[in-house]
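Me: I'm new to this one and could use a quick tour. Can we go through it together?

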Amino acid sequence: MLIQVLFYLFAAILVVAALGVITSRNPVYSALALVLCFVTAAAIWLLLEAEFLAVVLVLVYVGAVMVLFLFVVMMLDINLERLREGFTRFAWLGWLTAGAVIFEIVGVVWARGGLGLDASHGGTPTPAGYSNTLELGRLLYTRYTYPLELAAMLLLVAIVAAIALTLRRRPAYKQQDVAAQVAVRAADRLRVVKMDPEPRQ
């Protein structure tokens with residue numbers, strides 16, 4: 001009974017935080033709401049006795065990916081006023097896309113006759129020596145090796161793209177030109193002037 005109450009509590013928080021991600025106009029607030037989504041999803045993983053997935057979700061996504069995302073959002077210097085100008089113009093396209101996605105999800109669930117889950121009883125308790133970390137490692141490095149490598153390459157491309165966006169040239173931003181600094185000669189910057197001393201009055 002307690003597990004069901006905790007599940008519905010975390011699920012409600014997760015849904016509210018997910019709505020906050022897509023409805024917030026400030027990208028920093030959206031990122032913080034996404035952090036709350038990850039934390040509550042990790043709590044649901046703990047209820048399902050998937051401790052490794054919960055810890056990885058908190059450490060990797062909340063501790064690393066979301067912190068990097070926040071730094072990128074703050075460094076990009078996004079003009080929020082300019083983004084809000086075209087929001088109403090393309091709102092119909094966003095609603096149309098969201099409706100198409102919802103229609104496809106409902107269609108797939110309807111075609112399969114439901115989610116295929118028996119919710120009449122809880123999950124089967126695992127034995128004492130069971131390790132979901134070991135089982136997950138066996139699956140990732142045997143059956144899903146190529147999808148794992150593909151996901152790693154996509155993350156690498158995303159990191160490189162984020163760095164490239166932060167290094168773009170902006171008109172009001174002063175950047176160092178290391179090659180020009182190294183090529184400077186003392187004769188070009190320093191001029192020694194010899195003056196005769198003035199006589200005492």
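**Rings, core and overall fold**

Me: Let's start with Tyr 8: buried or exposed?
Reply: Tyr 8 is exposed, at a relative accessible area of 59%. Buried means under 20%, exposed over 50%, and partly exposed in between, with a 1.4 Å probe and protein chains only.

Me: Where do these numbers come from?
Reply: This is a predicted model, where local features need pLDDT of at least 70, side-chain atom pairs count only at pLDDT 80 or more, and totals for chains, interfaces and linings use all residues. Residues are numbered from 1 along each chain as its sequence is written, and side-chain values use heavy atoms, with hydrogens and water left out.

Me: OK. How many aromatic pairs are there?
Reply: Searching the whole structure turns up 2. In the pair of Phe 7 and Tyr 8, the ring centres are 5.5 Å apart and the planes sit at 70°, so this one is edge-to-face. For a pair, ring centres of Phe, Tyr or Trp (its six-membered ring) lie within 6.5 Å; planes under 30 degrees apart are stacked, over 60 edge-to-face, and the rest tilted.

Me: How exposed is Phe 7?
Reply: Phe 7 is partly exposed, at 37%.

Me: And which residues make the tilted pair?
Reply: Phe 38 and Tyr 61, with 5.3 Å from centre to centre and 50° between the planes. This pair links distant parts of the chain, 23 residues apart: Phe 38 is in helix 2 (residues 27-47) and Tyr 61 in helix 3 (residues 51-76). Phe 38 is buried at 17%, while Tyr 61 is partly exposed at 38%.

Me: What else does Phe 38 touch, beyond its neighbours within four places in sequence?
Reply: Besides Tyr 61, Phe 38 contacts Leu 57, Val 62 and Met 66. Contact here means heavy atoms within 4.5 Å.

Me: What's in the largest nonpolar core?
Reply: That core has 10 residues, among them Phe 38, Leu 57, Val 62 and Met 66. Helix 2 and helix 3 each give at least two of its residues. A nonpolar core is a set of buried Ala, Val, Leu, Ile, Met, Phe, Trp, Tyr and Cys residues joined through side-chain atoms within 4.5 Å.

Me: Changing topic: how many helices and strands?
Reply: There are 9 helices and 0 strands. Both are DSSP runs numbered from the N terminus: helices (H or I) of at least four residues, strands (E) of at least two.

Me: And what share of the protein is buried?
Reply: Of the 201 residues, 12% are buried.
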